[in-house]
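Please read the following report alongside the sequence and the coordinates.

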Amino acid sequence: MELEAAKMIGAGLAAIALAGAGVGIGLIFGNYLSGAMRNPSAAQKQFPNLLLGFALAEATGLFGLVVALIILFAF
Amino acid sequence: MDLNPMHQFEVYKIGPEINLNGINISFTNASLFMTISSILILALLFLGTKKKLLIPSKAQLITEMTYTFVAKMINDTAGSSAKDFFPFIFTLFMFVLFCNMVGMIPYSFTVTSHIIVTFVLASIVFIGVTIIGFVKHGIKYLELFVPKGVPFVLLPLIIIIEVISYLSRPVSLSVRLFANMMAGHTMMKVFGGFVISLGLLGGWLPLGFSVALTGLEILVAFLQAYVFAILTCIYLNDALNLHH
């Protein structure tokens with residue numbers, strides 16, 4: 001196989017990591033909503049935790065994107 | 001027109017090339033935008049604290065808001081013993097926030113989208129926290145790697161995992177900020193390219209999407225500065241209050 005083509009396939013495969021980030025972000029916001037619906041008075045207090053969890057989950061997916069970019073541009 | 005989405009991250013030198021013992025320390029666009037961010041922070045804080053009014057002006061209001069925001073964050077996550085580190089964490093938060101926000105201005109340069117910048121910041125945090133931990137607890141700081149209530153058989157494995165997770169802190173801290181900023185700006189540029197290539201007829205849809213993305217990116221710019229600062233507080237909490 002051509003090296004260039006293999007690079008493209010590898011970068012595409014590395015981007016699959018973003019699926020996990022999607023599931024994670026969905027879980028965080030979904031669970032926050034269901035928790036907030038049950039106890040709305042406690043929801044405001046947990047908002048910083050929600051943002052922290054969102055950022056942490058999003059970052060894990062972006063690691064995959066970094067791998068893709070390294071494959072495409074650094075080699 | 002240059003449609004390469006990676007073109008915006010190019011570092012080029014402004015003015016003459018300066019060499020110091022073979023190390024290139026020329027003034028680049030990255031240094032320019034770091035200087036701009038620092039000057040903006042200084043200007044805001046100077047304006048906000050110049051006249052101390054009972055009914056605050058806008059600049060004073062923003063200054064007081066950022067102060068209470070960071071002070072509350074440190075107090076909530078790292079406890080009152082971390083009050084001494086307020087200046088450092090405030091500086092870190094404001095610098096990352098302003099670099100991210102200045103990068104959101106069209107045709108400007110995002111300093112934090114380069115891993116060397118974020119890695120240096122994260123290394124300062126990592127080395128500083130390790131030194132603080134050893135100074136405060138001595139050799140007992142190594143107890144950080146031994147969680148309580150773990151069966152004796154599992155202990156060697158757990159210690160190895162804990163050491164690896166501790167050593168990967170600067171990497172995850174820096175890559176998180178750098179990847180978020182770079183991915184966001186690349187995505188905005190790609191959608192901007194769609195507007196150009198689809199032209200007057202079909203370009204309105206990606207244009208609307210670009211506007212929404214800009215809003216999201218401003219949220220992410222703030223969020224990543226917040227996460228950077230709060231993770232610094234969490235690491236500091238580990239070093240200051242060992243096992244609480």
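## Conventions and model

Helices (H or I, at least four residues) and strands (E, at least two) are DSSP runs, numbered from the N terminus. This is a predicted model, in which local features need pLDDT of at least 70 and side-chain atom pairs count only at pLDDT 80 or more, while totals for chains, interfaces and linings use all residues. Residues are numbered from 1 along each chain as its sequence is written, and chains are lettered from A and ligands numbered from 1 in the order in which they are written.

## Chain A

Chain A has 4 helices and 0 strands, arranged from the N terminus as α-α-α-α. Its radius of gyration, taken over C-alpha atoms, is 18 Å, well over the 11 Å given for 75 residues by the globule rule (2.2 Å times the number of residues to the power 0.38), so chain A is more spread out than a compact globule. The C-alpha trace of chain A spans about 60 × 15 × 10 Å along its principal axes.

UniProt, in an unreviewed entry, lists residues 9–71 of chain A as "domain: V-ATPase proteolipid subunit C-like"; such annotations may be inferred rather than shown by experiment. Among contacts (C-beta atoms, placed from the backbone, within 7 Å) in chain A between residues at least 6 apart in sequence, 92% join residues at least 24 apart.

## Contact between the chains

The contact takes 8 residues from chain A and 10 residues from chain B. On the side of chain A that touches chain B there are 8 nonpolar, no polar and no charged residues, where Ala, Val, Leu, Ile, Met, Phe, Trp, Tyr, Cys and Pro count as nonpolar, Asp, Glu, Lys and Arg as charged, and the others, Gly among them, as polar.

## The largest nonpolar core

A nonpolar core is a set of buried Ala, Val, Leu, Ile, Met, Phe, Trp, Tyr and Cys residues joined through C-beta atoms within 7 Å, and a residue is buried if 20 or more other C-beta atoms lie within 10 Å of its own, exposed if 12 or fewer, and partly exposed in between. Of the 49 residues in the largest such core, F93(B) and A229(B) touch the most other members. The elements giving two or more residues to this core include α4 (47–74) of chain A and α3 (86–103) of chain B, while α7(B) gives the most, with 13 residues.

Leaving aside neighbours within four places in sequence, F93(B) is in contact with V70(B), A225(B) and A229(B).

## Confidence

The mean pLDDT (the predictor's confidence in each residue, from 0 to 100) of chain B is 88, and 98% of its residues reach 70 or more. The model scores ipTM 0.72 and pTM 0.86.

Technical notes: Two residues are in contact if their C-beta atoms, placed from the backbone, lie within 7 Å.
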